[in-house]
Amino acid sequence: MKRFMTILALALTTAACQQEKIQDAAEESGTFHGCMEQFGATRTHLVGNTVRWDTGDKVSIFEGYSYSNPYTAASVSENGTSCSFTPDADYPAQEVRFPYNIALYPYTADATILGSDGKSRISGIELKAVQEYRQESFARGCFPMVAVTGSLEDKNLNFKNICGVLKVT
């Protein structure tokens, strides 16, 4: 029964994420779409036990490259669980090293991808030892997430938490 409930929860989360995509931005070149997992939720601020994106949140996107480019959240959905990310500028092409996109929240200028063939790791990120208090939530940039697409053409980022959060009330 527990296994069935886990599979059902995964299916519902995937369906919810698919429904939350922002269709208008799908046709814009260079625009990515971010969606959050909804078990314990994922970044950027809490509303009850649900985590939401905020307009202006920044992510690092590695478009097949070892180094990332900054993208900013815009067109946040009404419930805040999905948004479009637009590039902060036009960036020069780099040597493509990976056949997929990787996104990292929060944006980290020094982040790089090491490795290849599905054995990649992100280097250059740091979890803050001291975190600013934010009432009913957590400090900006203190709840890291990663998303990996199936191909370079896939612009849908399904973010997953890489840390946990403990809400004490």
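Helices (H or I, at least four residues) and strands (E, at least two) are DSSP runs, numbered from the N terminus. The model examined in these exercises is predicted.

**Exercise 1.** Determine which pattern of helices and strands the protein chain follows along the sequence.

*Solution.* Begin with the inventory: the protein chain has 1 helix and 11 strands. Next, read these elements in sequence order, which gives α-β-β-β-β-β-β-β-β-β-β-β.

**Exercise 2.** Identify the strands that pair with β7, and state the sense of each pairing.

*Solution.* Consider β4 first: 4 bridges join this strand to β7, and the two run antiparallel. Within this pairing, E63 has N101 of β7 as its bridge partner.

**Exercise 3.** Explain why β7 is described as largely enclosed by the rest of the structure.

*Solution.* A residue counts as buried when its relative accessible area is under 20%. Sort the residues of β7 by direction: N101, A103 and Y105 point one way, whereas I102 and L104 point the other way, and all are buried. Since 5 of the 5 residues of β7 are buried, the strand is largely enclosed by the rest of the structure.

**Exercise 4.** Describe the nonpolar cores of the model.

*Solution.* The largest core holds 14 residues, of which W53, V59, I61, F85, L157 and F159 touch the most other members. Strands giving two or more residues to this core include β4 (58–63), β7 (101–105) and β10 (145–148). A second, separate core of 8 residues includes F62, Y100, A111 and I113.

Methods: Residues numbered from 1 in each chain as written. Predicted model: local features only at pLDDT ≥ 70, side-chain atom pairs only at ≥ 80, totals over all residues. Heavy atoms only, no water. Core = buried A, V, L, I, M, F, W, Y, C linked by side-chain atoms within 4.5 Å. Buried < 20%, exposed > 50% of the residue type's maximum accessible area, 1.4 Å probe, protein only. Pairing = 2+ DSSP bridges.
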